[in-house]
Amino acid sequence: MSYPLSLPTDVLIRSTPAKPSLWIIELHNGIDSRLTADLIDLGLKPALNTVERDWREFWRTAQKNKDKTGGKGALIIVGKRSQDKFFSNGEFFGPSAEPCANTASGLDLPNVIPNPNFFPVPTIAAINGHCYAGGFMLALVCDYRVMTDGSQRNAWLCMNEVHFGAVWPLSFAAILRAKVGNHRLQRKIALEGHRFTAKEAYDDGLLDHLVKGKTPDILAKAEEVADKFGVNAQSGVWGLIKSDLYRDTLATIGQDIRVVNAAIEDAAARSRL
């Protein structure tokens with residue numbers, strides 16, 4: 001595969017010649033990389049599939065040649081690299097959407113968001129700015145999170161659906177329970193819609209590294225993490241172990257077919273009470 005590779009929508013995949021086993025998926029959708037249906041279905045999904053296919057080809061070759069140093073790999077997901085304000089501002093509902101009719105499962109997020117959680121190589125979210133809603137979940141399912149420290153410009157993490165009336169899909173709740181063990185922190189994220197500064201998120205264990213600087217500095221740190229842990233993909237069991245670790249999460253995601261919002265729930269309550 002020749003890189004950089006631009007997909008039909010606003011996603012770009014890069015692999016550097018010096019590190020052919022390191023892939024970078026760069027999100028593009030305006031300045032804030034909103035997660036639209038096209039971005040997910042025509043961009044992010046095929047990008048993830050392309051990276052996995054390429055890594056598996058490397059891994060199979062290493063296995064065939066009995067190359068004990070081959071088969072390593074890592075994936076970095078970053079917001080648009082020409083700016084330092086947004087990683088992703090979350091799902092795009094459209095200007096005409098009624099707040100009470102919104103549902104965070106309106107897009108096919110439940111099917112694409114869990115993918116990095118079971119990816120066969122280490123995944124690193126390079127959070128180069130604000131990280132909201134579905135963008136927060138995309139970062140959370142990655143194995144590691146590296147974020148700007150917010151010293152040069154503000155950067156927040158927030159699941160703000162509770163503030164504008166969007167129901168979480170089951171997958172979001174399952175991912176939160178799997179990745180955030182503290183029930184008080186779960187409440188703070190999901191029910192209070194707290195807007196975390198980078199330092200707060202780091203202190204609460206949501207981030208692995210804080211970086212002072214701009215997007216290139218955040219990517220450099222993410223590459224350090226990729227270099228350190230990418231060798232753990234050589235055995236071929238990185239994704240298998242994660243599948244066992246998050247087996248309950250995967251089972252819940254499989255149930256994530258429902259149509260529910262505040263209006264539907266209220267109509268059910270009206271008939272019951």
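Start with the rings: this structure holds 4 aromatic pairs. Rings of Phe, Tyr and Trp (its six-membered ring) pair if their centres lie within 6.5 Å, with planes under 30 degrees apart counted as stacked, over 60 as edge-to-face and the rest as tilted. What you have open is a predicted model, where local features need pLDDT of at least 70 and side-chain atom pairs count only at pLDDT 80 or more, while totals for chains, interfaces and linings use all residues. Residues are numbered from 1 along each chain as its sequence is written, and side-chain values use heavy atoms, with hydrogens and water left out.

**Stop one: the rings**

Select Tyr 144 and Phe 229. Their rings are stacked, 4.8 Å centre to centre with 15 degrees between the planes. Tyr 144 belongs to strand S8 (residues 144–148) and Phe 229 to helix H8 (residues 215–229), so this pair ties together parts 85 residues apart in sequence. Helices (H or I, at least four residues) and strands (E, at least two) are DSSP runs, numbered from the N terminus. Tyr 144 is buried at 16% relative accessible area, whereas Phe 229 is partly exposed at 23%. Here buried means under 20% relative accessible area, exposed over 50% and partly exposed in between (1.4 Å probe, protein chains only).

Next, pick Trp 168 and Phe 172. Their ring centres are 6.2 Å apart and their planes stand at 75 degrees, so this pair is edge-to-face. Both Trp 168 and Phe 172 are buried.

One more ring: show Trp 156 together with Arg 195. The charged end of Arg 195 sits over the Trp 156 ring, 3.7 Å from its centre. That label requires NZ of Lys or CZ of Arg within 6 Å of the ring centre and within 35 degrees of the ring normal.

**Stop two: helix H9**

Now colour residues 238–245, which make up helix H9; Trp 238, Gly 239 and Lys 242 are buried there. Look down the axis of H9: the buried residues fall within an arc of 90 degrees, so they line one face of the helix. The arc is taken from the directions from the helix axis to the C-beta atoms. Turn to the face away from that buried side and you'll find the exposed residues Leu 240 and Ile 241.

Beyond its neighbours within four places in sequence, Lys 242 is in contact with Pro 116, Asn 117, Phe 118, Phe 119, Val 121 and Asp 143 (contact means heavy atoms within 4.5 Å). Draw a C-alpha to C-alpha distance from Lys 242 to Phe 118 and you get 5.8 Å, across 124 residues of sequence.

**Stop three: a loop**

Jump to Asn 89, in the loop between strand S5 (86–88) and helix H2 (109–112). Is Asn 89 buried or exposed? At 17% relative accessibility, Asn 89 counts as buried. Not counting residues up to four places away in sequence, Asn 89 touches Asp 32, Ser 33, Arg 34 and Tyr 132.

**Zooming out**

Finally, show everything. The protein has 11 helices and 11 strands, and 50% of its 273 residues count as buried. Of the contacts with a separation of 6 or more, 74% are between residues 24 or more positions apart.
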